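Q: Could you take a close look at the surroundings of the ligand for me, and then tell me how the rest of the chain looks around that?

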Amino acid sequence: MDALSFHFLLALTICREKEPSSGVDISVAKISFDKYKDIFICLFYDVNKRTLSQGDADMSVPSVSFEFFPPKTEEGNRTLFETASRLSSLSPEFVSVTYGAGGSTREPTAKAVSELKEKLGFDVAPHLTCVDASKEETLEIVRDYLNQGITKLVTLRGDPRDGVEGVYTPPADGFAYASDLVAGLRDLERLELFVSAYPEVHPGTPSATFDIEVLKRKQDNGASAAITQFFFNNDDFFRYRDRAATAGVTMPIIPGIMVPENIKGVLRFAKACGATVPSSLSSRFAGIEDDEETRRLIATHFTIQQCEQLVTAGVKHFHLYTLNRAESAYAVCHALGLREQLVEAA
Ligand SMILES: Cc1cc2nc3c(=O)[nH]c(=O)nc-3n(C[C@H](O)[C@H](O)[C@H](O)COP(=O)(O)OP(=O)(O)OC[C@H]3O[C@@H](n4cnc5c(N)ncnc54)[C@H](O)[C@@H]3O)c2cc1C
């Protein structure tokens with residue numbers, strides 16, 4: 001079967017799911033296909049292009065890591081494990097688990113971390129914040145992780161309990177900033193420390209220059225790599241990477257990638273953390289607020305293009321903010337050339 005017929009059949013299948021009334025009647029299905037063809041063509045063109053260009057040196061297949069959040073309910077727990085199981089077939093380098101604002105998810109984070117490690121065999125990097133905690137409390141958590149064989153941590157200052165806009169007061173007996181936390185952990189052997197980075201600057205920083213100085217300080221204190229806040233304009237990332245390199249930052253700066261399928265949530269979160277959502281992106285979702293599937297298709301297509309441009313510019317690793325959903329993260333990885341690892345029979 002040629003590529004066009006394959007895509008047409010795939011499109012028909014999706015049309016039937018989307019509009020069951022089209023049944024198997026090819027002419028009705030064709031109308032449905034015409035209705036959604038822009039999305040299909042964009043999406044499948046990209047997937048196909050990737051397959052065809054796999055030999056190109058500038059299109060090498062990147063590696064990936066996935067970020068999850070600790071679920072609060074049994075149902076959330078099931079969703080996390082279904083998602084993580086599906087994504088595990090793509091052999092991520094590691095997965096990370098967030099830590100609630102103000103250290104509010106200490107137990108759920110620790111539980112998700114040990115289950116992802118023990119049940120699914122992931123290399124897990126727990127997030128750890130030092131806000132509202134004494135040095136001893138923070139170090140105790142790290143020692144517990146070390147005892148479980150965890151060797152990677154995403155080390156952060158964190159936000160106050162009332163969120164990023166709350167007033168931050170360094171704890172009297174704790175680590176004041178992420179760079180202090182990194183310095184406090186660097187003597188613990190075996191630890192690989194990831195830190196945050198902000199292509200559009202951290203909302204609380206006095207200047208972009210200071211933000212880069214903070215990143216350099218984290219590197220000097222022992223960080224191995226930085227993961228960025230999400231961004232949608234790659235030029236922000238390129239500019240930031242250049243400024244960091246000029247300031248002597250040599251550790252990898254890993255793009256944090258958010259597939260913007262829940263555009264409402266993304267707009268809200270972006271406002272709080274100082275990221276920009278270009279109107280050329282947000283306008284693509286106008287009028288389809290209640291159509292989850294189409295939002296996902298459009299968002300996935302956007303992210304595939306975003307990542308392809310980053311790969312062309314030398315990015316070798318992506319950190320995907322999955323929000324505990326597998327579909328779009330899986331599609332992005334597949335389009336970038338990551339494939340399920342088949343276990344060979346002995
Ligand atoms: C990849 C990633 C993952 C994240 N995961 C979580 C998570 O799991 N849980 C959570 O609660 N939050 C998380 N966050 C959000 C993060 O906690 C907030 O953005 C927080 O406001 C800053 O944490 P930080 O580690 O970036 O802080 P820092 O790098 O310490 O910087 C925080 C602010 O303080 C300033 N600053 C730094 N050092 C000094 C100094 N010596 N003197 C004066 N000012 C200074 C900086 O300019 C900046 O404005 C994450 C962010 C990213 C990018």
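**The ligand shell**

A: By class, the shell around the ligand holds ten nonpolar, eleven polar and three charged residues. Here Ala, Val, Leu, Ile, Met, Phe, Trp, Tyr, Cys and Pro count as nonpolar, Asp, Glu, Lys and Arg as charged, and the others, Gly among them, as polar. Bear in mind that this is a predicted model, where local features need pLDDT of at least 70, side-chain atom pairs count only at pLDDT 80 or more, and totals for chains, interfaces and linings use all residues. Residues are numbered from 1 along each chain as its sequence is written.

Of the 24 residues around the ligand, Thr98, His127, Leu156, Arg157 and Ala178 come nearest; a residue is near a molecule if its C-beta atom, placed from the backbone, lies within 6 Å of it. Two or more shell residues each come from β3 (124-129), β4 (152-156), α6 (178-185) and α7 (208-221). Helix α7 gives the largest share, three residues. Those labels are DSSP runs numbered from the N terminus: helices are H or I with at least four residues, strands are E with at least two.

Zooming out, the protein chain has twelve helices and nine strands. Among its contacts between residues at least 6 apart in sequence, 78% join residues at least 24 apart, a contact being two C-beta atoms, placed from the backbone, within 7 Å. Of the 346 residues, 34% count as buried, meaning 20 or more other C-beta atoms lie within 10 Å of a residue's own.

Leu80 is one to click on. This residue sits in helix α3 (residues 74-88) and counts as buried because there are 21 C-beta neighbours inside 10 Å. Setting aside neighbours within four places in sequence, Leu80 touches Phe68, Pro71, Ala112 and Asn324. Leu80 and Arg325 are 245 residues apart in sequence, yet their C-alpha atoms are 7.6 Å apart.

What about confidence? The chain averages a pLDDT of 86, and 81% of the residues score at least 70; pLDDT is the predictor's confidence in each residue, from 0 to 100. Residues 1-10 are below 50, and beyond near neighbours in sequence that stretch has four contacts in the model. Residues 22-29 also stay under 50, with nine contacts beyond four places in sequence.

How values were computed:
Buried ≥ 20, exposed ≤ 12 C-beta atoms within 10 Å, placed from the backbone.
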